[in-house]
Amino acid sequence: MTGDSHPRVFQFITRLLNGGAEDHLISTVLGLDEYDFTVGYGVSYEQDQVEKLERNGVKTKEFPLVRHYNPVTALPAVVSVALYLRRNDFDIVHTNSTEAGIIGRFAAAIAGVPNIVHTVHGVPFADDRSNLLNRFVLACERIAARRTDRIITNANVMTAEYLDRGIGTPEQYTTIYSGIDIEEFQSASPAEDLVGARPRVVMIGRLTNGKGFNVLLKAVENLSTDEMSVYLVGDGPLYDSLQEEIDNRELSDCVFLTGYRDDVPRILAASDILVLPSFREGTPRVISEAMASGLPVVATDIAGIPEQVENDNSGYLISTGDAETLATHLEELLSDPQERERMGEVGRKKAQQFSVEQMVDSTDALYQDLLAGNE
């Protein structure tokens, strides 16, 4: 960085799709005006996300060798990213997600980038993944941490878990909660095109493994009430198989796949309960969005979720895979609108600490601290 030019930052993510980590990255780069950002991404991306960045003056770069959990392309991907970084004079490389985090940090170290930052959006070690894969990722994370100046987590509990696993040292870590536009969700008007009766239970996210969709369907199957509708909002590789399972369980009269929606604030405004029975998460933005919308939340007691949801106060926390307890809590909330309203109001107040402004300001402070150390 020379003269009055803006610091040059390379933000790198494995997949640039329509998910929480992607929203976090985009909100950050669009919220920080005093930096010259380039966003790199792997072979999986949504063109509308690329166009959104480029419309706002952010340069983008695709790396086709960067793929989701593909060990065959990992090493050549490191080489391709390192060559790109060496050709460009970046002041900071900031990686996001597991694969890009490992590949990007190794590449940045090889290229001699002076400042390397990594954001952990979700703990990658999970019971529904093989022990061999978990051990391999753990080894890579430990090595990559040695080449990292700062590690950002979305929750204090994630920092504790990484340190317990021998990843990095305490002074490397900073907690920055993933932020949302609070006002957008508090002021949204309800979507008017949702079929089915109220109350409405909604689950929002990419239709991929690890989200617990089958847990929700099993819970719905065990509910005694027919006075409700359930919406699975999102798109992804499980769309067809989920529709088949809904039909096989004979739930098609109350469970609906909406596909991808770009009006999540309005979907939440038209809903009554958010469910997220995931097996692995970080600090899910959708929970903060639901709380800002005044919805009680039923979610798994993992990663940063307990730092968002106050059990028995703004919602309920359950164990992973526990469809029976999920059904019990849904039954309670579906039958008690006053309790839904009470929990929703608690969540609405709690959501204030998850604002996008706070996230952007905290990231700016971290960048400035690193850059000052290079002077």
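Does Ala303 count as buried or exposed, and at what relative accessibility? At 16% relative accessibility, Ala303 counts as buried, where buried means under 20% relative accessible area, exposed over 50%, and partly exposed in between, with a 1.4 Å probe and protein chains only.

## Basis of the model

This is a predicted model, in which local features need pLDDT of at least 70 and side-chain atom pairs count only at pLDDT 80 or more, while totals for chains, interfaces and linings use all residues. Residues are numbered from 1 along each chain as its sequence is written, and side-chain values use heavy atoms, with hydrogens and water left out.

## Overall form

The protein contains 14 helices and 13 strands; these are DSSP runs numbered from the N terminus, with helices being H or I of at least four residues and strands being E of at least two. The C-alpha trace spans about 65 × 40 × 40 Å along its principal axes.

For 375 residues, a compact globule would have a radius of gyration near 21 Å, and the 21 Å of the protein agrees with this. The radius is taken over C-alpha atoms, and the globule rule is 2.2 Å times the number of residues to the power 0.38. Of the 375 residues, 54% count as buried.

## Salt bridges

The structure holds 13 salt bridges, a salt bridge being a side-chain nitrogen of Lys or Arg within 4 Å of a carboxyl oxygen of Asp or Glu. Side chains of opposite charge can pair when their charged atoms come close. One of the bridges brings together the side chains of Arg105 and Glu141, at 3.0 Å from N to O. This pair links distant parts of the chain, since Arg105 belongs to helix α4 (residues 98–111) and Glu141 to helix α5 (residues 131–145), 36 residues apart. Arg105 is buried, with a relative accessible area of 1%, and Glu141 is also buried, with a relative accessible area of 1%.

A salt bridge also forms between Asp263 and Arg261, whose closest N and O atoms are 2.8 Å apart. Asp263 is buried, with a relative accessible area of 13%, and Arg261 counts as buried at 16% relative accessibility. In a further bridge, the side chains of Glu345 and Arg348 meet at 3.4 Å, N to O; both residues lie in helix α13 (residues 337–350), three residues apart, or about one turn of the helix. Glu345 counts as partly exposed at 36% relative accessibility, as does Arg348 at 26%.

## A negative surface patch

Asp181, Glu183, Glu184, Glu357 and Asp361 form a negative surface patch. The elements that give two or more residues to this negative patch are α7 (182–186) and α14 (356–373). Patches are made of residues with over 30% relative accessible area and no salt bridge, like charges being joined within 9 Å and nonpolar side chains (Val, Leu, Ile, Met, Phe, Trp, Tyr) within 5 Å. Accessible areas come from the Shrake-Rupley method with a 1.4 Å probe, and for residues only the protein chains shown count as cover.

Glu184, which has its place in helix α7, is partly exposed, with a relative accessible area of 40%. Val356, found in helix α14, is buried, with a relative accessible area of 16%. The C-alpha atoms of Val356 and Ile180 are separated by 4.6 Å, although these residues are 176 residues apart along the chain.

## Backbone features

Most residues other than glycine have a negative phi, and most peptide bonds are trans. A cis peptide bond, with omega about 5°, joins Arg198 and Pro199, and Pro199 lies in the loop between α7 and β8 (200–204).

Glu250, although not a glycine, has a positive phi of about 60°. Glu250 sits in the loop between α9 (239–248) and β10 (255–259) and counts as exposed at 69% relative accessibility. Ala303 likewise has a positive phi, of about 45°, although it is not a glycine. The place of Ala303 is in the loop between β12 (297–300) and β13 (315–318), where it counts as buried at 16% relative accessibility.

Note on methods. Lys, Arg positive; Asp, Glu negative; His and termini not counted. Charge placed at Lys NZ, Arg CZ, Asp CG, Glu CD.
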